[in-house]
Amino acid sequence: MNSLVVTIVLGTGLAFTAAFFGRSISSRLPGNQQGYEPVQPIAYSHRLHAGELQVGCLYCHFGAEKSRHAGIPPASVCMNCHQVIKASRGAIRAENEQAQRENRPARTVVSPELAKLHDAMTSHREARIDQKQPPEPLAWVAVHRLPDYVYFDHRPHVNAGVECRRCHGPVETMERVRQVEDLSMGWCVNCHREVNRTGVAGKAVEASIDCATCHY
Ligand code: HEC
Ligand code: HEC
Ligand code: HEC
Ligand code: HEC
Ligand code: HEC
């Protein structure tokens, strides 16, 4: 590590101390969010989709292999299934049984949560026609968030064979996503030291612990 990097990193470190101080009134301090589990605009469940229905992580987070960010899927990915599926099997079965008891034709059941998804798609389409604007993404609330001065990239990790669950925990069991790890510098550096000793998925790796690897 050369002295220019040290100067930059330590210099910016000071600036960040000031920035942290200024932000300490906020309830979301960086590095202080282990267990953070925000409510989302649609009650989307990873337990159902990634667990029970076994949709692969990369079907929706297709960026993880190819880009820095894993990415949140656009509503159109959801519509691959929800164009047709408008309610849970349980809700449809309950309506069918009720209709049979009341001797009437069964009504179409639309889940209130999926109605939100359909509304979002429809209003986006109208907005696009009216104002020729690209559709606005659904306002999902970010769970994980590193400070801006840290460089993280999914690619080298996913391509080296580090599993999603090693950093995100058992997401396929979560009704709502929760931040499992503390995302601290110690967490990153300790793992880099560890994988350099143990390898990943039977292969040797070389994860750098130079300051400049993670700080611009
Ligand atoms: C059907 C699509 C879909 C599948 C499959 C899926 N996800 Fe997600 N994922 C989402 C959506 C939508 C969000 C944003 C809403 C939320 O946080 O629940 C999300 C959010 C996340 C987040 C939190 C992102 C943030 O804001 O920090 C993580 C981590 C995550 N997913 C990991 C996984 C893992 C690991 C798997 C596989 C076990 C997986 N996902 C499978 C759609 C999916
Ligand atoms: C080495 C640890 C690590 C691994 C492995 C990992 N992630 Fe992440 N993930 C993170 C960190 C750290 C963040 C926060 C990044 C930021 O704030 O810039 C994150 C953020 C995310 C987000 C939020 C949006 C984004 O793209 O930044 C999603 C979604 C996500 N990860 C999904 C996945 C999925 C799916 C996998 C497996 C294919 C995976 N991650 C593997 C550490 C990891
Ligand atoms: C591979 C197909 C598939 C994809 C892709 C998919 N879903 Fe689903 N989803 C289903 C199925 C099947 C059900 C109903 C499961 C049941 O019968 O309980 C469901 C149920 C739901 C429910 C619960 C409805 C209720 O009232 O019980 C919500 C909310 C939901 N999905 C949201 C989403 C969102 C948001 C996305 C995109 C990020 C998405 N889904 C992507 C197949 C999918
Ligand atoms: C579960 C262990 C693990 C954790 C946790 C982890 N990394 Fe890594 N990291 C790796 C592995 C494995 C590689 C790939 C090394 C290789 O390709 O030989 C890597 C590579 C990288 C690279 C690419 C440069 C290089 O040395 O190859 C960067 C940048 C990086 N990690 C940043 C981070 C940051 C920032 C964090 C914390 C937010 C983090 N990592 C957390 C295991 C981890
Ligand atoms: C593998 C990734 C990684 C490496 C290597 C790394 N850092 Fe960090 N560093 C981080 C992450 C992630 C944070 C933010 C974590 C937090 O907020 O707790 C951070 C935060 C910091 C901060 C500000 C937070 C504080 O504690 O005041 C400074 C200063 C810093 N690092 C300096 C360094 C120096 C100097 C080196 C080299 C000796 C280094 N870092 C190497 C990942 C890394």
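Predicted model: local features only at pLDDT ≥ 70, side-chain atom pairs only at ≥ 80, totals over all residues.
1. Directly after helix α5, Asn 103 adopts a positive phi of about 55 degrees. Asn 103 is a residue other than glycine, and its position is in the loop between α5 and α6 (112–131). Most residues other than glycine have a negative phi.

2. Is Asn 103 buried or exposed? Asn 103 counts as exposed because it has 6 C-beta neighbours inside 10 Å, where the limit for that class is 12 or fewer.

3. Ala 201, which is not a glycine, has a phi of about 50 degrees. Ala 201 belongs to the loop between α9 and α10. With 9 C-beta neighbours inside 10 Å, Ala 201 is therefore classed as exposed.

4. Helix α5 itself covers residues 89–101. Its 13 residues should span 18 Å at 1.5 Å a residue, and the end C-alpha atoms are 18 Å apart, so the two values agree. The expected figure takes 1.5 Å times one less than the number of residues.

5. Turning to the ligands, which residues come nearest to ligand 1? They are Cys 57, Cys 60, Val 143, His 144 and Cys 164, out of 21 residues around this ligand. Helices α2 (46–52), α3 (57–60) and α8 each contribute at least two residues to the shell. By residue class, the shell around ligand 1 comprises 14 nonpolar, 6 polar and 1 charged.

6. Ligand 4 is surrounded by 24 residues, the closest being Cys 188, Cys 191, Val 205, Ala 207 and Ser 208. Two or more residues of this shell come from each of α7 (154–160), α8 (164–168), α9 (185–198) and α10 (211–214). Which element gives the largest share of the shell around ligand 4? That element is α9, with 5 residues. The shell around ligand 4 divides into 17 nonpolar, 4 polar and 3 charged residues.

7. Two elements link these points. Helix α8 supplies residues to the shell around ligand 1 and also to the shell around ligand 4.

Definitions and conventions. Residues numbered from 1 in each chain as written. Chains lettered and ligands numbered in written order. Near = placed C-beta within 6 Å. Helix = DSSP H or I, 4+ residues; strand = E, 2+ residues; numbered from the N terminus. Nonpolar A, V, L, I, M, F, W, Y, C, P; charged D, E, K, R; others polar. Buried ≥ 20, exposed ≤ 12 C-beta atoms within 10 Å, placed from the backbone.
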